[in-house]
Structures are given as structure tokens and as C-alpha cells.
Amino acid sequence: MTDAVSAQGLHKRYGETKALDGFSLDVPAGTVCGLLGPNGAGKTTAVKALTTLIRFDAGTATVAGFDVATQAAEVRYRIGLNSQEPALDEVLTGRDNLVMFGRLYHLGLRNARRRAAELLDRFDLAAAADKPLRTYSGGMRRRLDLAASLIMAPAVLFLDEPTTGLDPRNRNEVWLALRELVRNGTTLVLTTQYLDEADQLADRIAVIDSGRVIAAGTPEQLKSQVAGDHIEVVLRSGQDLAKAVELVARAALGVPAVDQDTRSITCAVSDRVAALTETVVVLADAGIDVEDIHLRRPTLDEVFLRLTGHKAVAA
Amino acid sequence: MTTPMIPRTPGERFRWGAVDAWVLTHRTLTTWTRQPAQIIAGLLYPIVSVLLFGFVFGSAMSVAGGGDYREFLLPGMFGQAMIFGIGATMTAISTDKARGITNRFRSMPMSRSGVVLGRSLADVLNSMIDLVVLMTCGLIVGWRWHNGFGDVLVAVVLLLLLRFAAIWVGIYIGLLLPSPEAGAAIWGLLFPITMIANTFVSPELMPGWLGTIAEWNPLSATVGAIRGLFGNPGLQGTSFAAQHSMLLAVLWPLALLAIFVPLSVRRYRRLSQ
């Protein structure tokens with residue numbers, strides 16, 4: 001499979017700040033790549049560089065098979081971009097906006113009108129189509145903004161925080177629209193601060209910090225690669241805690257974390273099944289009463305914390 | 001996935017740019033029809049100011065060298081409307097920049113000259129409507145042109161040349177502004193720029209130094225030139241600037257273009273830094 005996006009060692013400085021510092025990314029065609037990172041990590045700069053909006057200082061990048069630096073015009077024919085804030089004319093109606101963008105893609109007036117009507121229907125905006133944009137809610141604006149990017153069904157669609165500031169219902173609507181787009185063959189690159197959004201939509205996630213990708217893989221790969229599985233044991237009685245910690249440490253081959261209040265012991269494990277079997281056996285042999293015992297994968301939050309050393313912030 | 005029809009030949013590219021320009025002009029025309037209140041307010045301004053300056057202030061005004069004040073005033077107001085165009089262009093440009101529309105256009109396969117041409121066409125059209133309204137008001141309050149219709153056309157062309165230069169000043173300032181709201185200060189500056197000129201009062205009646213500034217104001221050149229073309233009073237100035245207003249009415253806008261076109265292009269390029 002060819003790469004829809006391929007970036008190697010992108011650098012971009014703003015004075016003393018290194019917005020991109022060796023940013024490399026490969027996104028296979030037809031997949032969804034989530035760029036996950038805190039505010040200021042370089043997500044937006046990366047999107048701007050890949051969509052020809054800013055020139056980078058060093059490195060190479062191709063999008064849809066064309067060089068971003070030397071074939072910018074070719075790239076622009078094949079991409080869509082949704083910035084953090086909907087980029088629409090506030091005075092015009094929803095339909096006016098879509099017809100205008102359709103004509104700027106040179107569909108011709110008749111086709112632009114037809115396409116606008118299709119998209120308004122699809123994004124559930126038909127009722128508000130002829131109202132000026134300033135009467136739209138945040139969710140409606142986002143949907144219209146997305147519709148504007150889908151006029152041509154681009155080969156690669158870049159979305160910078162597509163659901164920031166949306167309520168859960170609107171967020172789901174946007175997610176639905178994006179999934180349908182991917183089914184039709186578009187490659188998505190989306191930035192997000194929401195771990196569940198990356199988990200929900202992305203085939204692969206690239207975790208970005210300080211202008212570079214510090215980890216990449218499927219959500220599952222990241223979870224096991226970074227933090228591994230955990231075994232969690234909850235005891236019936238707090239009195240057994242000290243002894244149980246010792247036993248779990250030996251059985252699971254790790255250093256357990258203890259929570260006195262919930263009488264629970266958590267320990268990272270490398271071999272899931274062996275650790276679980278061994279722990280069950282040694283605790284039973286020692287006569288310790290166990291209320292619950294289970295294996296769990298780390299959440300993306302934990303992955304993120306481990307990788308970046310700080311929590312993901314929701315802006 | 002669909003890709004737009006990609007223009008490959010120079011002819012196709014030219015057509016592509018022309019369509020971009022027309023679509024953006026059409027966008028501005030549509031915003032007018034969507035905001036009738038604003039249009040009415042926009043048309044009301046010249047009507048009110050013709051009344052205000054023509055009758056309220058005008059009652060106490062005299063024209064250097066004699067002549068009817070309203071005959072003197074109207075060419076000044078035509079010129080003022082062209083300079084106010086800086087504000088209109090600036091606001092449109094900075095609003096698009098702040099709303100991310102500029103960036104969306106830049107991520108699309110649009111012709112760069114088409115974007116500018118679209119803006120210019122819309123603004124020039126807007127100014128032509130302004131002029132028609134102002135001239136109609138003028139005719140109602142007693143302003144007349146006394147030379148041939150050919151001279152009227154030349155005067156209109158000179159006014160639109162000034163407006164075209166104002167577009168580029170507006171584009172540059174609009175790209176410079178951090179937000180459309182920050183433009184309020186610039187609007188405040190436009191008033192003195194249009195007043196310290198031969199628009200409302202003859203520079204000969206001002207204190208010496210101020211009169212000199214007023215005479216060399218680019219706006220004074222255009223206003224002086226069109227007063228001559230319309231056959232309106234107020235051409236008693238003896239300075240070089242006043243004597244050669246026709247020449248300067250062509251040179252000043254060209255000079256402004258020579259300064260602000262490269263500045264704007266450079267500023268636009270800096271968006272990609």
C-alpha cells in the first residue's frame with residue numbers, strides 16, 4: 001500500500017522555539033492517523049506544513065504522492081483542510097458558502113449547487129441551509145465546515161481538532177461523517193487532544209511532543225508497547241494487604257502499587273496468563289480472601305502520561 | 001475520491017483565475033444582498049454628510065476665490081469616499097484572515113491573482129455605487145458638472161484609480177492587523193487624512209504649514225483634478241501641487257501602488273512562515 005502522507009525529518013523554527021523538531025510520519029492510503037499531543041506539541045504546525053500553508057526549514061514531505069515543498073499546487077488539488085475554527089463566511093448562508101467553495105473547485109454553478117444540496121442533506125443542515133451562518137450553533141458550523149472540505153472528496157483530509165468544543169451529540173455526528181468518508185477511500189489525518197477520539201477513529205496514533213513523533217502504532221500496540229498489561233487484585237480485608245503485596249510481587253514479577261483505601265494492588269505484568277494463574281494460586285495457598293482479580297490494559301491516558309511525562313490537557 | 005479538473009495549459013489557468021476572481025466578487029455582492037441594513041447604512045452616510053457639510057457647515061463656509069460651497073464640496077466628498085475605501089478593504093481582508101478563510105483559500109487550488117482580483121473588482125464596484133449615490137445627492141443639492149460628459153468620465157476614472165491604490169493600502173493594513181477590531185484605530189486616522197486636504201476647506205485658508213501638507217496630500221491631487229474636469233470652483237492654489245493636480249492625480253496613485261503592491265505581496269508570503 002502506498003503512503004498518502006510521508007514526512008521525513010521536518011524542522012520548523014519560530015525564533016528560539018522549535019515547533020517541529022525532526023517530525024516524521026507515514027500514513028498508508030485509506031487509513032486514519034491520529035496525531036495526539038498536548039497544546040503546543042506541534043500538531044497544528046505539522047498540519048500546516050503538510051497542507052502547504054507554511055514552509056518548513058528542513059526535511060521532505062509528500063502528500064498524495066506529490067512533494068509538499070516543490071509541488072504545492074498539485075498537493076492542493078488533492079487535499080482538504082479543516083482548521084480548528086470553522087473557516088466560513090459568517091454573513092452568507094450555509095448554502096451560499098458551499099456553492100462558493102464548490103465553484104472555487106471549478107465544479108461550475110449547476111454542479112456546485114447540486115453538490116451543496118447533497119452535502120446539506122447529508123450533514124442534516126437542509127433546514128438551516130438558507131439561514132445566515134451567524135445563526136448556526138457551534139456543531140452546525142463544524143458540520144458545514146466539514147461539508148465544505150468534502151465537496152471534492154479529497155484524497156487526504158486534514159482535520160485540526162475536529163471536535164474541540166463540541167457536545168457529545170455533535171461530536172458523534174462528526175465522527176459518523178468521518179467514518180463514512182474513510183469507507184469511501186479518503187485518508188484522514190486528524191489532530192486531537194482527546195484520547196478517546198483517537199481511540200475511536202484512528203487506525204494508527206502518533207503521539208507528538210516537542211515537535212516530533214515520540215511513539216506510533218495502533219491504539220492497542222501503543223497500550224501494550226508502552227505500559228504493558230496490569231494485574232489488579234482487590235482484597236476483602238485490608239489486614240492481608242502487606243502479605244498479599246509480597247506474594248503478588250513474586251508471582252507477577254513486578255513492583256506493585258498499593259491503594260490502601262480500595263484494598264487494591266496493581267502490578268505491571270509481561271506474561272499476562274502466567275502472571276494471572278500464578279497470582280491466583282499463591283494467594284489461594286496463603287489463604288488470602290480475594291474479592292476481585294483481573295487483567296487490564298492501560299488506558300490511553302496512562303500511555304500518554306508515560307510517554308510525555310505529563311497529562312493530556314483538554315483545552 | 002475526486003480531483004478537480006486540473007488546469008494545465010496557460011489558457012486553462014487564465015480561465016481558472018478568472019473564475020476564481022468572479023466567484024469571489026460574487027461572494028461580496030451576495031454579502032450585500034444578505035445585509036440590506038448595512039447597505040442602507042452605507043448609502044445613508046453620503047446622504048447625511050452631503051446634508052451636514054453642504055448645509056450645516058456649508059452655511060458658514062466660503063470658497064477661496066469665490067464660488068458656491070456645495071459645488072466646491074462635492075468633488076471633495078467623492079475623493080473622501082475613495083480614501084474611506086481603505087477602511088472597507090482593510091476590514092474585509094482582516095476579517096477573512098481572522099476567520100481562517102484566507103488559510104482555507106491558501107490550502108485550495110486557487111489562483112493567487114484571482115483572490116486579489118476578486119477583492120479589487122468587488123471593491124471597485126462598491127465604490128462605483130458610492131459615487132453614483134453621491135453624485136445623485138450632489139445633483140439634488142445643486143452640484144453640477146459644467147464641461148462635457150467626456151470630462152466626467154475622465155474624472156470618474158481618476159477617482160477609481162485612487163480607489164484602486166486604496167485597495168492595496170487596505171490589503172496591506174488588513175494583513176498587518178491582528179484582528180478586524182484593531183482596525184477601529186485606522187478608521188479614526190482616515191478622517192483627518194481626508195480632512196487635511198483640499199476636500200472641505202481650501203488649503204490657502206489653513207495655517208501655512210498645514211496648508212502645505214494639505215496641498216501635497218494625494219487626495220488633494222485627485223480632488224483638484226476632478227474639480228477642474230467638472231468645472232467646479234476652488235482651483236486658486238498657486239503651489240506646484242495645486243497647479244499640477246492632473247499630473248499628480250495620476251502619479252500619486254501609481255506611487256502608492258508601487259509601494260503597497262510589493263509590501264502586500266511580501267506580507268502575504270509571510271503568512272507561510
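Is Ala64(A) buried or exposed, and how many other C-beta atoms lie within 10 Å?

Modeller: Ala64(A) is buried, with 23 other C-beta atoms within 10 Å. (Buried takes 20 or more other C-beta atoms within 10 Å of the residue's own, exposed 12 or fewer, partly exposed anything in between, with C-beta atoms placed from the backbone.) Before I go on: this is a predicted model, where local features need pLDDT of at least 70 and side-chain atom pairs count only at pLDDT 80 or more, while totals for chains, interfaces and linings use all residues. Residues are numbered from 1 along each chain as its sequence is written, and chains are lettered from A and ligands numbered from 1 in the order in which they are written.

Back to your residue. Ala64(A) sits in the loop between S4 and strand S5 (66–67) of chain A. (Helices are DSSP runs of H or I with at least four residues, strands runs of E with at least two, and both are numbered from the N terminus.) Its backbone deserves a look: phi of Ala64(A) is near 55 degrees, a positive value although the residue isn't glycine. Thr52(A) is another case, with phi near 70 degrees, again positive in a non-glycine residue. You'll find Thr52(A) in the loop between helix H1 (43–50) and strand S4 (58–63) of chain A, and Thr52(A) is buried too, with 23 other C-beta atoms within 10 Å.

Now over to strand S8 (residues 187–192) of chain A. Six of its six residues are buried, so the strand is largely enclosed by the rest of the structure. On one face you have Thr187(A), Val189(A) and Thr191(A), on the other Leu188(A), Leu190(A) and Thr192(A), and both faces are covered. Strand S3 (residues 32–36) of chain A runs parallel to S8(A), joined by five bridges, with Val32(A) opposite Leu188(A). Strand S7 (residues 156–160) of chain A also pairs with S8(A) in the parallel sense, over five bridges, and there Val156(A) faces Thr187(A). (Pairing takes at least two DSSP bridges between the strands.)

Further along is an open sheet of four strands, ordered S12-S13-S11-S14 (chain A), with antiparallel pairing. Strand S12 (257–259) and strand S14 (290–296) of chain A are at the edges with a single partner strand each, so one side of each has no neighbour in the sheet. From one strand to the next, the twist averages 15 degrees. Inside the sheet, strand S11 (residues 229–235) and strand S13 (residues 264–269) of chain A pair antiparallel over six bridges, and Val233(A) stands opposite Ile265(A) in S13(A). Helix H9 (residues 241–252) of chain A lies across S11, S12 and S13 of chain A, at about 10 degrees to S13(A). (Axes are lines fitted to C-alpha atoms, for helices over the stretch in contact, and angles run from 0 to 180 degrees between N-to-C directions.)

Gly94(A), Asn97(A), Leu98(A) and Phe101(A) of H3(A) make the contact with Leu144(A), Ala147(A) and Ala148(A) of H5(A). (Contact puts the two C-beta atoms, placed from the backbone, within 7 Å.)

Finally, the partner chain: 27 residues of chain B are in contact with 30 residues of chain A. Helix H1 (10–34) and helix H4 (101–107) of chain B each supply at least two residues of the side of chain B that touches chain A, and H1(B) gives the most, with eight residues.
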